[in-house]
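Subject: Structure for your files

Hello,

Here is the structure we talked about.

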Amino acid sequence: MKVLCLFALVAVACAYPANVTDPAPEPTPAPTPAPTPAPTPAPTPAPTPAPTPAPTPAPTPAPTPAPTPAPTPAPTPLVCPAGQFDNNGTCEMCAEGTFSVGGSDSCDACPEGQTSESGAVSADACFVARACAWGDKHMCDRETGCTFGCESDYCWSQCDALCPRLSNDGCHGCSEWCWLTGSAGKWEFCTENSQCVGVRRNACAGACTY
């Protein structure tokens, strides 16, 4: 049996030519590579919005400067007229026995032995007082000694020019009197004695009477 098998093998081997080789195997085709997928493009980033600028604050207005107050004018010094004086900012009449030429804060005294009416404007207004010819029953001009007043709505005075005199300066006790000439008419109208002070030395409006 073994001989038969060997014989068979030899027969098979002889049946092939000596120079015949086994055919080369067909080359295995290289596997077709899977197509490389196109690269997925990176997503285009959305454009970054420009930052919204913060609103520019309105400029703070410069503070309005306080108005410069007008300079306070220096107070005008008080200048009192003649016959008056400055008494703490008020002009007042000089008292009897004194006088002022104006612009002063005090009045000057009359020379010794003399006096003056209230509001005298100079030393010339000072005089030696005379006794009233008719006493103190009526008003009296102390410089002349003549009595005067208001009677029946008109000013009167003891006669001056027509009185007998012992000197040349006023009345001397005569009993004569007259109605006084008025400043705006023949007689000076009055309702009280003090209204006759300003006309006490006016001329008589008529003849003197007793």
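**Disulfides in the model**

Cys178 and Cys204 are joined by a disulfide, with an S to S distance of 1.9 Å. Please keep in mind that this is a predicted model. The torsion about the S-S bond of Cys178 and Cys204 is about -70°, so this disulfide is left-handed. The pair connects distant parts of the chain: Cys178 sits in strand S8 and Cys204 in the segment after S8, 26 residues apart. Cys178 has 2% relative accessibility and counts as buried, whereas Cys204, at 30%, counts as partly exposed.

The structure holds seven disulfides; notes on two others follow.

Cys155 is bonded to Cys196, S to S 2.0 Å. The S-S torsion of Cys155 and Cys196 is about -85°, which makes the disulfide left-handed. This pair also links distant parts of the chain, with Cys155 in strand S7 (residues 154-158) and Cys196 in the segment after strand S8 (177-179), 41 residues apart. Cys155 is buried at 1% relative accessibility, and Cys196 is buried at 0%.

Cys132 and Cys140 form a disulfide with their sulfur atoms 2.1 Å apart. Here the torsion about the S-S bond is about -115°, so the disulfide of Cys132 and Cys140 is left-handed. Cys132 has 28% relative accessibility and counts as partly exposed. Cys140 comes out at 17% and counts as buried, because the cut-off for buried is under 20%.

Regards

Conventions
Residues are numbered from 1 along each chain as its sequence is written. This is a predicted model: local features need pLDDT of at least 70, side-chain atom pairs count only at pLDDT 80 or more; totals for chains, interfaces and linings use all residues. Side-chain values use heavy atoms; hydrogens and water are left out. A disulfide is a pair of cysteine sulfur atoms within 2.5 Å. Buried means under 20% relative accessible area, exposed over 50%, partly exposed in between (1.4 Å probe, protein chains only). Helices (H or I, at least four residues) and strands (E, at least two) are DSSP runs, numbered from the N terminus.
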